[in-house]
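Welcome! Take a moment to look over the sequence and the 3D view, then try the exercises below.

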Amino acid sequence: MNEEKKIDKIFSLEETISFGDTKEKLEIELNGSYIELKLGLEFREKIGEGGFGDVWRGYLVGREYNKEVAIKVSKRSKKSLDSLRKEVYISGQLKHDDIGEILLYEENEGTGLIIMDYILGKDLSKIVKWHEKLGLHFPQKFSAFVGWICCEILKYTHSARVYDNNGKEVIGVLHRDITPGNIIINNFGYTKLVDFGLGITLSELDDTIGKIAGKIGFMAPEIFVGKMDKRIDIYSLGAVMDYLIRGRNPVLDQIKESPIKLGDILKYKIKKLREEVFGVDEQLLKIIEKATMTDKEERYNN
């Protein structure tokens, strides 16, 4: 009975919160209270899929509440579930307007669910394919704009103060999977970076030596030989900007022509962007070339 009265008092907070000193009194009484929220999750359509899980568009539904969300569902495997848990742990500590926000995380019978803000828009890979079908090139100025916003995001993540798995405060998070599919342009033309499923703290880099992570064509060369740092994200972003201008990925093109082992990718000589696409702004070319230098010491460092 006392518990019911307490719940009633919580729901009456809205009505009385503006009455002078009552606000402070009610806040004290609410301290430590617990309410189990009754929310439903409605799946509508699959909008993406990957090695660790599928992404659905759906709705988070409550009483007089209906919010459109994106739902990432793990596969029924320990590796997939661990990846989702890691993504929640990393992303949950990052607070930036241009990083997709995680709202809730749930596990049920060996499957994990990440419920995220639904970003109304399209990822860069889809946008580039539309341009290709129409015989158009992605606008250079917009390529530069996307690169600038992503640089600002990386500037934040690479210097963010977060906690590692041992509860120790560390500085810096790597995305490790910056690709056209993980960069969304919303309906206002603004850039959002999503999917930290491969994200790690900079302090964990030594534990990843010899473990290849990322997508072919956007992975920095040093990933195959170890000795990595935050410049692997810079390379990936440079490769995305190269892809936007070319309309294709030159590394993937090489592999399609003659399948090779991952370790042999470094042996391939990729034509420079300026040798294949003409009329590109010289300043933009220099930025992309510097970001994608094979030797990381010649790349941007921040």
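A salt bridge is a side-chain nitrogen of Lys or Arg within 4 Å of a carboxyl oxygen of Asp or Glu. Keep in mind that this is a predicted model.

**Exercise 1.** Decide whether the side chains of Arg 246 and Glu 276 meet in a salt bridge, and find which helices the pair ties together.

*Solution.*
- Step 1: Between the side chains of Arg 246 and Glu 276, the N to O distance is 3.3 Å.
- Step 2: The cut-off is 4 Å, and the two do meet in a salt bridge.
- Step 3: Arg 246 belongs to helix H7 and Glu 276 to helix H9, so this pair ties together parts 30 residues apart in sequence.
- Step 4: Arg 246 is buried, at 10% relative accessible area, whereas Glu 276 is partly exposed, at 30%.

**Exercise 2.** Find the salt-bridge partners of Arg 231, among them Asp 229 and Glu 297.

*Solution.*
- Step 1: With Asp 229, the closest N and O atoms are 2.5 Å apart. Both Asp 229 and Arg 231 are buried.
- Step 2: With Glu 297, the N to O distance is 3.4 Å. This pair links distant parts of the chain, 66 residues apart: Arg 231 sits in helix H7 and Glu 297 in the segment after helix H10.
- Step 3: Glu 297 counts as exposed because its relative accessibility is 55%, and exposed means over 50%.

**Exercise 3.** Work out which element gives the largest share of the largest nonpolar core.

*Solution.*
- Step 1: This core has 37 residues, and Leu 94, Ile 183 and Val 240 are among those with the most contacts inside it.
- Step 2: Elements supplying at least two residues each include helix H5, helix H6 and helix H7.
- Step 3: Helix H7 gives the largest share, seven residues.

Conventions
Residues are numbered from 1 along each chain as its sequence is written. This is a predicted model: local features need pLDDT of at least 70, side-chain atom pairs count only at pLDDT 80 or more; totals for chains, interfaces and linings use all residues. Side-chain values use heavy atoms; hydrogens and water are left out. A nonpolar core is a set of buried Ala, Val, Leu, Ile, Met, Phe, Trp, Tyr and Cys residues joined through side-chain atoms within 4.5 Å. Buried means under 20% relative accessible area, exposed over 50%, partly exposed in between (1.4 Å probe, protein chains only). Helices (H or I, at least four residues) and strands (E, at least two) are DSSP runs, numbered from the N terminus.
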